[in-house]
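Reader: Please take a close look at one part of this model, the side-chain pairs. I would like to know which residues are involved and where each partner sits.

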Amino acid sequence: MIKVSSFGKFLDQPLLTTKLNKQIPAVLTAGSAVFIANEMRNAKPEDRKKTGLKLAIILGTTVLSAIQAPKIANFITKKKPSKTLKELIEYNSQTVYEILSKNKLSKEVQALLEKGKTKILSLKEVDILHKNLKKEHFDKLIPPPENVTSKDIFREIGWLSIFGAVPVAGGIAGGIAADKLTEKDWKGRVSNKIKEGVYQYLANIFLCNVGAGIALGILEKCNIKSKTARCVGMVGGILATGVIGGSAMANYISNKFLSKEKKEIRTPEMLDLGLHTDDIATVSLLSGLKWIEPSLPVLYAISGYRAGIGYRNNDKHKNLYKNHRDNFLCKKC
């Protein structure tokens with residue numbers, strides 16, 4: 001029977017994370033192309049060209065920003081980037097050499113170690129190594145998660161927050177550029193894009209990170225090291241500061257500084273709550289699980305797209321709530 005802990009080790013394979021990261025640009029590009037094609041098909045014939053051009057610009061800038069976001073975040077926070085595939089293969093080769101030179105192992109285990117130099121191992125193969133290697137050797141090949149301590153909290157939060165800000169900024173820039181090329185009243189649409197960008201960033205990204213960090217700091221102060229307790233505590237912090245506080249703060253900023261003449265309340269919707277899936281990634285990363293990191297560009301790109309189309313759910317557009325496509329094409333939005 002496969003050990004339960006082997007499943008975590010399977011996900012923790014550095015090669016798995018590295019190869020997933022390399023696939024993200026292709027995934028985002030292909031997903032955007034399919035989305036644009038579907039929106040053009042559903043648009044009115046006379047609007048298809050404009051719809052395609054708008055979405056191509058918005059998604060193009062958002063996707064490019066999401067792909068570059070980790071590099072920008074690494075540069076600003078001076079965080080050491082993860083090993084490249086070439087560096088990782090070199091590390092694995094050296095590690096396997098050291099393990100084989102110090103241990104007498106079966107041919108099956110030796111073959112799996114050789115395979116693990118360059119290829120992702122299956123769950124069953126990871127389990128075999130887990131059962132046959134000494135802990136220190138197995139952990140060197142597949143490093144265990146390292147819990148982020150209170151000393152590292154703000155560095156990690158800063159990195160995640162910059163990471164999330166870049167796709168949102170890219171979406172806003174792309175949305176403004178798209179409108180400038182296709183709409184006469186493009187200036188009147190800028191406000192909604194900025195307001196939605198503020199909402200997406202504060203409610204769905206930044207304050208959620210802060211809430212998770214504060215909760216983690218409190219748990220550290222109380223000397224609580226249980227991973228379950230850490231996860232539950234961080235989720236609670238996210239709900240308090242992000243889902244509740246973030247929405248309120250974003251609305252306050254929008255009404256106070258961005259639309260003084262027209263007050264409106266942007267309320268959370270199912271898609272907004274769905275976007276809090278990225279908070280699971282935040283909790284996972286702060287808990288030391290690096291395999292979740294490749295999902296961040298995809299999750300943050302959705303927030304960037306919503307900012308780019310300037311999505312609003314105010315009373316004036318309740319009839320457009322169920323179909324953001326109409327909202328996007330509406331000249332009054």
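Author: Helices here are DSSP runs of H or I with at least four residues, strands are runs of E with at least two, and both are numbered from the N terminus. On that basis the protein chain has 14 helices and zero strands. The order along the sequence is α-α-α-α-α-α-α-α-α-α-α-α-α-α. The model is predicted.

Some totals for the protein chain come before the pairs. It has 333 residues, and 47% of them are buried. Of the contacts with a separation of 6 or more, 76% are between residues 24 or more positions apart. The accessible surface is about 17,300 Å², and carbon and sulfur atoms account for 64% of that surface.

The aromatic side chains come next. A pair of aromatic rings is described by two values, the distance of the centres and the angle of the planes. There are four aromatic pairs in the model. One of them joins F35 and Y305, which are edge-to-face, with 5.4 Å from centre to centre and 80° between the planes. F35 belongs to helix α2 (residues 14–42) and Y305 to helix α13 (residues 296–308), so this pair ties together parts that are 270 residues apart in sequence. Y305, at 10% relative accessibility, counts as buried.

A further aromatic group consists of W159, F163 and Y300, which form one cluster. W159 also has a charged neighbour: the charged end of K79 sits over its ring, 3.8 Å from the centre.

Another ring with a charge over it is that of Y199, where R266 lies over the face at 4.4 Å from the ring centre. R266 is located in the loop between α10 and α11 (270–275). Is R266 buried or exposed? With a relative accessibility of 1%, R266 is buried, because the cut-off is under 20%. R266 can also be placed relative to K195: the two are 71 residues apart in sequence, while their C-alpha atoms are 9.2 Å apart in space.

Salt bridges are the next topic. Side chains of opposite charge can pair when their charged atoms come close. The count is 13 salt bridges. In one of them, E98 and K140 meet at 2.6 Å, N to O. E98 is partly exposed at 23% relative accessibility, and K140 is partly exposed at 35%.

A second salt bridge to consider has K115 and E125 as its partners, at 2.9 Å from N to O. Here K115 lies in helix α5 (residues 107–116) and E125 in helix α6 (residues 123–132), so parts that are 10 residues apart in sequence are tied together. K115 counts as partly exposed, at 31% relative accessibility, whereas E125 counts as buried, at 15%.

The side chains of K131 and D127 meet at 2.9 Å, N to O. Both lie in helix α6, four residues apart, or about one turn of the helix. K131 has a relative accessibility of 44%, so K131 is partly exposed. D127, at 4%, is buried.

One surface feature remains. I194, Y252, F257 and L258 make up a nonpolar surface patch of about 390 Å². Helix α10 (residues 227–258) gives the largest share of this patch, three residues. F257 has its place in helix α10. At 56% relative accessibility F257 is exposed, because the limit for that class is over 50%.

K131 and D127, in contrast, both lie in helix α6.

Technical notes: Residues numbered from 1 in each chain as written. Predicted model: local features only at pLDDT ≥ 70, side-chain atom pairs only at ≥ 80, totals over all residues. Heavy atoms only, no water. Phe/Tyr/Trp six-rings, centres within 6.5 Å; stacked < 30°, edge-to-face > 60°. Buried < 20%, exposed > 50% of the residue type's maximum accessible area, 1.4 Å probe, protein only. Lys NZ or Arg CZ within 6 Å of the ring centre and 35° of its normal. Salt bridge = Lys/Arg side-chain N within 4 Å of Asp/Glu carboxyl O. Patch = residues over 30% accessible without salt bridge, like charges linked within 9 Å, V, L, I, M, F, W, Y side chains within 5 Å. Areas by Shrake-Rupley, 256 points an atom, 1.4 Å probe, with all protein chains shown as cover. Contact = heavy atoms within 4.5 Å.
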